[in-house]
Amino acid sequence: MSSVSKGIKKVEVGLKWDPSPVGSPPHDLDIIAATYLADAPYDSPVYLVHFDSRAPDGTITLNRDSKTGQGFGFDEVMTLELDRLAAAYARVVVGVAIQPHTHEGEKVFGDIPNTAVRIRTGHTDLALSDLSAVAGSTAATIAEFTRNETGAWSFREIVRGFDADPTSFAAAMGTAI
């Protein structure tokens, strides 16, 4: 079990939303995690975890990837085992992006009903958001985890909107915080 005051060890990020109306294209939201080196914490990410993938070392895993929002509770879940990340990494930024559909107009978070993000360690919620603060955006950062000089990880909630497709967002999500 992870104690927030002694540093965060393991975190679960959950994302949920309502499915689109019958006959319309599905709403597809994705959690994205970007990992940065200690000596370059604001450069390009070393690797990304998204779209049904996992970190090369298995420390960040997308456990559930929903493409429709159907289901009960949090439809998409990512686990970050921060205490297992190599010492070379000192920063992880987590965000959410909406997958675009080419045959319809661009959707923003305000177009998708009952969107919610929950970040928790053990049974303790660190953050809850409905993304209403970024209702006009197509992507948003939601969290930043940083490792201090003693090796302990801390959390900072950062809800910041972007007007970008998932690929562009993933490249820029941690550089402008």
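A cavity is here a set of points, on a 1 Å grid over the protein atoms alone, where a 1.4 Å probe fits but cannot get out, and its lining residues are those with an atom within 4 Å of a point. The model examined is a predicted one, in which local features need pLDDT of at least 70 and side-chain atom pairs count only at pLDDT 80 or more, whereas totals for chains, interfaces and linings use all residues. Residues are numbered from 1 along each chain as its sequence is written, and side-chain values use heavy atoms, with hydrogens and water left out.

The protein contains 1 helix and 10 strands (DSSP runs numbered from the N terminus, H or I of at least four residues for helices and E of at least two for strands), in the order β-β-β-β-β-β-β-β-β-β-α from the N terminus on. Of its 177 residues, 48% are buried, that is, under 20% relative accessible area with a 1.4 Å probe and protein chains only. Among contacts (heavy atoms within 4.5 Å) with a separation of 6 or more, 66% join residues 24 or more positions apart.

The largest nonpolar core, in which V92, V94 and F145 have the most contacts, comprises 34 residues; such a core is a set of buried Ala, Val, Leu, Ile, Met, Phe, Trp, Tyr and Cys residues joined through side-chain atoms within 4.5 Å. At least two residues of this core come from each of several strands, including strand 1 (10-16), strand 2 (29-37) and strand 9 (139-147), and strand 6 gives the most, with 5 residues. Beyond its neighbours within four places in sequence, F145 is in contact with residues that include V92, V94, I119 and W153. A separate core of 11 residues includes V93, A139, A164 and F169.

The search of the whole structure returned 1 cavity of 30 Å³ or more. The largest cavity holds about 40 Å³ of space, the volume being that filled by probe spheres set on grid points joined across faces, edges and corners. Its lining consists of V117, I119, A127, L128, S129, I142, E157 and V159, with two or more residues each from strand 7, strand 8 (124-129) and strand 10 (153-162), and strand 8 gives the most, with 3 residues.

T79, located in strand 5, counts as buried because its relative accessibility is 13%. The side chain of T79 makes a polar contact with that of N63 at 3.1 Å, where the term denotes a pair of N or O atoms within 3.5 Å, one able to donate a hydrogen and the other to accept it within protein, and residues adjacent in sequence count only if both atoms are side-chain atoms.

Technical notes: Buried means under 20% relative accessible area, exposed over 50%, partly exposed in between (1.4 Å probe, protein chains only). On a 1 Å grid over the protein atoms alone, a cavity is a set of points where a 1.4 Å probe fits but cannot get out, and a pocket is an open set with protein on both sides within 12 Å along at least five of seven lines; lining residues have an atom within 4 Å of a point.
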